[in-house]
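Colleague: I'm new to reading protein models, and I'd like to go through one with you. Could you take me through it feature by feature?

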Amino acid sequence: MIHPSTELRDICAIVGAGTSRLGKVPGVSSLDLIVEAMRNAISESGVQVSDIDGIICRGPDELYSQHQLVGERLGINAKFSTTATNGGASQILSIALAVMAIRHGLATTVLCGYGRDAWSRTHKSEEARVRNETRPDSQLAKEFGPEYGYFGAAATHAFGATRHMHLYGTTKEHFGHIAVDFREHALRNPDAQMKKVLTMEDYRAQRSIVRPFGLYDCSLRSDAAGAVIVTSRERARDLKQPPVLIKGFGTYNNLRGWFADDNMVMTSAKQAGETAYRMAGLGPRDVDTAQIYDCFTYMVLTQLEDYGFCKKGEGGDFVASGALRLGGALPTNTSGGQLSEAHGEGMLQIVEGVRQMRHTYPAHRQVKDAEIALISGHGGNQVCHSTLILGRA
Amino acid sequence: MSQIPKPVPQPAPESLPYWEAARQHRLELPQCEDCNKHWFPPSRTCPHCLSTQFKWSQVSGRGKVFSFVIYDRIYRPAFTEDVPYVVALVELEEGPRILSNVIGIPPDDVRCDMAVTVVFDDVSDVTSVPKFKPL
């Protein structure tokens, strides 16, 4: 087995993090949401635009060569720029590419980001709302799916939930703890899309989306973008924000498919996490806060197992223990996550990880004494995964 | 009341033999001439050994439900009469897993690892779709 280079540990830092307006932002395109988030990240960092020589970004899916469109709107030429296409795993992958490019002298300061107008897109008409599709038509299956009435990412992930429940006795109630705890975190976050309390009683009474998932098992449709700036540890010293170190990262891709092997109950978070832990020289016990890609409640549960926060099959008991709450053993998705803050395909979770490492939050939002954050990204037809471990400088 | 047609498969060139066999109520999969394994979805290269020598061979049609989901809501008007319905991933005895519907049983009674066998639904004069019922 090839071991990831520990030389990459701690050589780069995130020096700026920003978001667009989140939730329902009618009349703003995906591209302009990304630009808004990037502008905010640049502005808080103190980085001069003329010092940015890399752009790695993703979104919106319906456009081609997205980094080019972003560079045009920000007036930036780049030594190193590209667009990643690993779905929700792209955003951490972008940061990994940025670190490697900086390490090898291909760029010095790299802007990474993602954004999408998914709320506006799915609320253009009643038909758009019912179809609830955020993918362009070109990504939809032509056979072996639509003829059976099989539509949408909720169903695909629900297959994993059914199988996990069958193998390990996981229950709907377990999924409910995840939805309820993340909503409670969102209520502490003034920027969050969801403003109403969610109780376990509300969760039990939810309408079906595709069983076993109901409404509150599913992440939000949001207009949302996020961005971060990566530069070398040396350059980070002279900037405005406390630098947050990139301690490790890893990726793994179960390209044989979500439906192959045991991939729907043992995700590629396992191998991506092992790589990131090894690069960082850390393990699950060292992690103070986790920001887990929560497209659906079940995906949080399996990733907690796959990352080694508990044993495989024990995720249900782990989430029921209250571990995920602020003040719990592993405060998770402390901004509300994609289930309750806003869905930015994992980008907002990177921003939240950075902010937790800066210790600038008011006490009711801050994970006390947090030194290490683990962030996950998952997507690309459910098989691509990326892991990022951040630490206080 | 006018019936809204369901989506019909739009086969890739490599899946045409699959749908032609289904039209004749046979479940056929590509099988490698070198390693004898079957695979799905159809392609011209064996994903087990990368051989390009393969044949279309009829399989037993028996398998078990690996996992499943239940649709209660109507996301496309064409499925109005079907809800609640089951979409299942069926693991065939020969190994490959294929997506389909499990019919002939109340959705609430479907379980993982339940034994099923193929049946064919003639959705038009030219298209039949493989589905599964409890064995």
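Colleague: Let's start with a helix: which residues are buried in α6(A)?

Modeller: Before that, some ground rules. This is a predicted model, so local features need pLDDT of at least 70 and side-chain atom pairs count only at pLDDT 80 or more, while totals for chains, interfaces and linings use all residues. Residues are numbered from 1 along each chain as its sequence is written, chains are lettered from A and ligands numbered from 1 in the order in which they are written, and side-chain values use heavy atoms, leaving out hydrogens and water.

Modeller: Now the terms. Buried means under 20% relative accessible area, exposed means over 50%, and partly exposed is in between, using a 1.4 Å probe and protein chains only. Helices (H or I, at least four residues) and strands (E, at least two) are DSSP runs, numbered from the N terminus. In α6(A), the buried residues are A:Ala154, A:Ala155, A:Thr156, A:His157, A:Ala158, A:Phe159, A:Gly160, A:Ala161, A:Thr162, A:Arg163 and A:His164.

Colleague: What about α11 of chain A: how many of its residues are buried?

Modeller: In helix α11 (residues 297-306) of chain A, 10 of the 10 residues are buried, so this helix is largely enclosed by the rest of the structure. Among them are A:Tyr298, A:Leu304 and A:Asp306. Just after α11(A), A:Gly308 has a positive phi of about 85 degrees.

Colleague: Which residues touch the most other members of the largest nonpolar core?

Modeller: A nonpolar core is a set of buried Ala, Val, Leu, Ile, Met, Phe, Trp, Tyr and Cys residues joined through side-chain atoms within 4.5 Å. The largest one here has 62 residues, and A:Leu304, A:Phe309 and B:Tyr71 touch the most other members. A second, separate core has 33 residues, including A:Ile92 and A:Val354.

Colleague: What is the strand order in the open sheet of chain A?

Modeller: Two strands pair if DSSP finds at least two bridges between them. The open sheet has 9 strands with mixed pairing, in the order β3-β2-β4-β7-β1-β8-β11-β10-β9 (chain A). At the edges are β3 (80-83) and β9 (289-291) of chain A, each with a single partner strand, so one side of each has no neighbour in the sheet.

Modeller: Zoom in on β2 (residues 54-58) of chain A: it runs parallel to β4 (residues 109-117) of chain A, joined by 5 bridges. A:Cys57 sits opposite A:Gly113 in β4(A). β2(A) also pairs with β3(A) in the parallel sense, over 4 bridges, and there A:Ile56 is opposite A:Thr82. In β2(A), 5 of its 5 residues are buried.

Colleague: Which residues does the cis peptide bond with omega of about 10 degrees join?

Modeller: Most residues other than glycine have a negative phi, and most peptide bonds are trans. Here a cis peptide bond joins A:Arg211 and A:Pro212, with omega about 10 degrees. Another cis peptide bond joins B:Val83 and B:Pro84, with omega about -10 degrees. As for phi, B:Leu50 has a positive value of about 65 degrees although it is not a glycine, and B:Leu50 counts as exposed at 63% relative accessibility.
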